[in-house]
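Let's take a walk through a protein together, one region at a time. Keep the picture in view and look for each residue as we come to it.

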Amino acid sequence: MQIAVGNKDEEWKNMTTEKCNSCNDSQCSAQQKRSGEREEDFIARQELQSRMCQIKHKILVLSGKGGVGKSTVAVNLAAALAMAGKQVGLLDVDVHGPSVPKLLHLEGTPVSGGANGITPVEVDFQSGKIRVMSIGFLLRGKDDAVIWRGPRKYGLIKQFLKDVDWGSLDYLVIDSPPGTGDEPLAVAELLEKADGAVVVTTPQEVAVQDVRRCIVFCRELNLPVLGIVENMSGYTCPKCSEHVHIFGADGGRIMAEEMGVPYLSGIPIEPEVVKSGDSGIPMVQAHPHSKTATAFGRIVRALLGSELNSGASKDVGAKSGRQTRIAIPVTNGVLSSHFGHCERFVLFDVDSDGKSISQKQEVLPPPHEPGTFPKWLHEQGATIIIAGGMGSRAQSLFNQNDIQVVVGANGGDPDTIVKDFLDGSLETGANVCDH
Ligand code: ADP
């Protein structure tokens, strides 16, 4: 076994100096030493929780079996979140077959240490960066055999969570190996408070049975199932447009209903998915108007929607004491594809139930100059803007003004957009910003 990580253990151990003083949460397990816990283990646990405290949402991507597209989903999910303006990390804990370096064209990239731990590899997207860490970066050669037993894997995953300088992130997406083995167990235990798991399956019976086991596994770990993604869900013939269910139809959706977990989306079979994986450019970036990218828009929308109902956006509202007010840039009565040149904004106030519109008004924006709209919309009381495409700088200005950005909406009248947004059915593709 030829693995660079072995040689770096000592070096990396010495790099981390962070103690857990990042919050005053009396409920946090890192505040209290556990009975019988050794001092060094307690300190390590505090360091880990201190890192994790800076990451708002942690999502595991799981599958019952291999080959169903789990890594493809993890990479595109991370990319779609980054393109929606989120700060994203992607951790590949598939010790036996790390695919993330290949899927992002990062094979052979060296990792180094900085003052604050192991520096993740950064990948640039049009609207942001993804910070990536994978066991694949630590292998000396492509064909290194990796034979790890449980405790060694646990130690490595702990190191990835504790010693990597993730910084502050909105989302950490974790690509686990297929099945219900040591790795997802280690991640769920170490994270303590993960948001939950996105479970990937294909429509056919065997994969769906495997995924049932995966859901039971999540339940045993008290890990919420954020939803099912049915990958390879039919193929549309490019010549005759006939839609063929190569691996059966709707297995994932039916199983999700039976198991009482959300169904996030189907993703079709598209040959470009394979090409984009081989070229290292995620499908949502390479083909932002494809059916696959649209499906990821739906998945991200659902995840951001639950964030809206349960976390970050409430924080936005709570900080400012404001109710949810959604701004839609409109030209000729429909969503303006470029918000900076819209005719007007329609502002929708949302009821405290978070589901219905209580009031609506139209406002004319000031003359367009870069950077003026975020501040002005904040003054108008907006807490969310739904746009077609938006560059990273504009997104970060909106975020600085306590306005959450939703990108990738595909046009339509503002009332329908807001209604769909509130009931979680808004169709969004990738963020397409042409400047
Ligand atoms: P897993 O992580 O579950 O083992 P991968 O993400 O590595 O699966 O995908 C397995 C193969 O299937 C890859 O070659 C990938 O490009 C291909 N693939 C995944 N999803 C799709 C899709 N929707 N359409 C076409 N090919 C796909």
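**A guided walk through the model**

The side chain of Glu47 makes a polar contact with the side chain of Lys162, at 3.4 Å. Please keep in mind that what you see here is a predicted model. To find this pair, look along helix α2, residues 39-53, where Glu47 sits. Is Glu47 buried or exposed? Its relative accessibility is 9%, so Glu47 counts as buried, since the cut-off for that word is under 20%.

Now let's visit the ligand. There are 15 residues around it, and those that come nearest are Gly67, Lys70, Ser71, Thr72 and Pro268. Sorted by class, this shell is made up of 7 nonpolar, 6 polar and 2 charged residues. Backbone atoms take part here too. A polar backbone atom of Val68 is 3.1 Å from an oxygen atom of the ligand. On the nitrogen atoms of the ligand, one is 2.8 Å from a backbone N or O atom of Pro268, and a backbone N or O atom of Glu270 lies 3.1 Å from a nitrogen atom of the ligand. How much of the ligand does the protein bury? On its own the ligand exposes 560 Å², and the protein buries 77% of that. Two elements give two or more residues to the shell: α3 (70-83) and α9 (271-279). Of the elements, α3 gives the most, with 3 residues.

Next, follow the chain to helix α6, residues 182-191. Here 7 of its 10 residues are buried, so this helix is largely enclosed by the rest of the structure. The buried ones are Glu183, Pro184, Ala186, Val187, Ala188, Leu190 and Leu191.

Glu192 belongs to the loop between α6 and β8 (196-201), and with a relative accessible area of 32% it is partly exposed. Met232 is another residue that has a positive phi without being a glycine, in this case of about 55 degrees. Look for Met232 in the loop between β9 (225-230) and β10 (235-236). Its relative accessibility is 23%, so Met232 counts as partly exposed.

Cys240 is in no disulfide, and the count for the structure comes to 0.

Our last stop is a group of aromatic rings. The whole structure holds 5 aromatic pairs. One of them joins Phe345 and Trp376: the ring centres are 5.7 Å apart and the planes meet at 55 degrees, so the pair is tilted. Phe345 lies in strand β15 (residues 344-350) and Trp376 in helix α13 (residues 372-379), so the pair ties together parts that are 31 residues apart in sequence. Both partners count as buried, because Phe345 has a relative accessibility of 0% and Trp376 one of 13%. These two rings also belong to one aromatic cluster, formed by Phe339, Phe345, Phe373, Trp376 and Phe398.

Terms used: Residues are numbered from 1 along each chain as its sequence is written. This is a predicted model: local features need pLDDT of at least 70, side-chain atom pairs count only at pLDDT 80 or more; totals for chains, interfaces and linings use all residues. Side-chain values use heavy atoms; hydrogens and water are left out. A residue is near a molecule or strand if one of its heavy atoms lies within 4 Å of it. A polar contact is a pair of N or O atoms within 3.5 Å; within protein, one must be able to donate a hydrogen and the other to accept it, and residues adjacent in sequence count only if both atoms are side-chain atoms. Accessible areas come from the Shrake-Rupley method with a 1.4 Å probe; for residues, only the protein chains shown count as cover. Helices (H or I, at least four residues) and strands (E, at least two) are DSSP runs, numbered from the N terminus. Ala, Val, Leu, Ile, Met, Phe, Trp, Tyr, Cys and Pro count as nonpolar, Asp, Glu, Lys and Arg as charged, and the others, Gly among them, as polar. A disulfide is a pair of cysteine sulfur atoms within 2.5 Å. Buried means under 20% relative accessible area, exposed over 50%, partly exposed in between (1.4 Å probe, protein chains only). Rings of Phe, Tyr and Trp (its six-membered ring) pair if their centres lie within 6.5 Å; planes under 30 degrees apart count as stacked, over 60 as edge-to-face and the rest as tilted.
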